Amino acid sequence: MQQVQQTECFNIMEKIVQQKLEAYLPDSGCCACDMCAGDIMCLALNKLPPKYVNTHKGELFSRVDQIMLRQNSVDIDFAVINAIEQIKDNPRCQQQAKK
Ligand SMILES: [Zn+2]
């Protein structure tokens, strides 16, 4: 009997959003702490369709580039920028700091 090798299903949209976040967050004036960055990631990802790929070691990053070129990258930009604006107006870390 042939053994099925372990598959790796990965939502590549996470990597793409993370790259966009790293590109836009520093210039946005938004808080860039771990909590806010995580909130922005989740907000953006909730607005975007997941894109699962079967990855093998080393293939992931070349596939990110392929998909970013092919996919409607404007939608992804929009979702990320929108999420940054939302968190910028209402950062959760600073709410917690307030008494
Ligand atoms: Zn923050």
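Which handedness does the crossing of helix 1 and helix 2 have? The crossing is right-handed.

## The chain at a glance

Welcome to this structure, which is a predicted model. The chain has 99 residues, and 17% of them count as buried. Its secondary structure comes to five helices and two strands. Starting at the N terminus, the order of the elements is β-α-α-β-α-α-α.

Contacts along the sequence are worth a look too. Taking the contacts in the chain with a separation of 6 or more, 88% join residues 24 or more positions apart.

Averaged over the chain, the pLDDT is 84, and 72% of the residues score at least 70.

## Helix 1 against helix 2

Two packed helices are described by the angle between their axes and the distance between the axes. Helix 1 covers residues 12-28 and helix 2 covers residues 34-47; they pack at an angle of about 130 degrees, and their axes are 10 Å apart. Angles from 65 to 115 degrees count as roughly perpendicular and those over 145 as roughly antiparallel, so helix 1 is oblique to helix 2.

On the helix 1 side, the contact involves Met13, Glu14, Val17, Gln18, Leu21 and Leu25. Facing them from helix 2 are Ala37, Ile40, Met41, Ala44 and Leu45. Sorted by kind, the residues of this contact are nine nonpolar, one polar and one charged.

## Helix 1 against helix 4

Helix 1 also packs with helix 4, which spans residues 73-89; here the angle is about 50 degrees and the axes are 10 Å apart. That angle makes helix 1 oblique to helix 4. The crossing of this pair is right-handed.

Helix 1 brings Ile16, Val17, Lys20, Leu21, Tyr24, Leu25 and Ser28 to the contact, and helix 4 brings Ile76, Asp77, Val80, Ile81, Ile84 and Lys88. These residues divide into nine nonpolar, one polar and three charged.

A few names come up in both pairings. Val17, Leu21 and Leu25 of helix 1 meet residues of helix 2, and Val17, Leu21 and Leu25 also take part in the contact with helix 4.

Key
Residues numbered from 1 in each chain as written. Predicted model: local features only at pLDDT ≥ 70, side-chain atom pairs only at ≥ 80, totals over all residues. Axes fitted to C-alpha atoms, helices over the stretch in contact; angles between N-to-C directions. Helix = DSSP H or I, 4+ residues; strand = E, 2+ residues; numbered from the N terminus. Parallel < 35°, antiparallel > 145°, perpendicular 65-115°, else oblique. Left-handed = near helix turned anticlockwise from the far one by under 90°. Contact = placed C-beta atoms within 7 Å. Nonpolar A, V, L, I, M, F, W, Y, C, P; charged D, E, K, R; others polar. pLDDT = per-residue confidence, 0-100. Buried ≥ 20, exposed ≤ 12 C-beta atoms within 10 Å, placed from the backbone.
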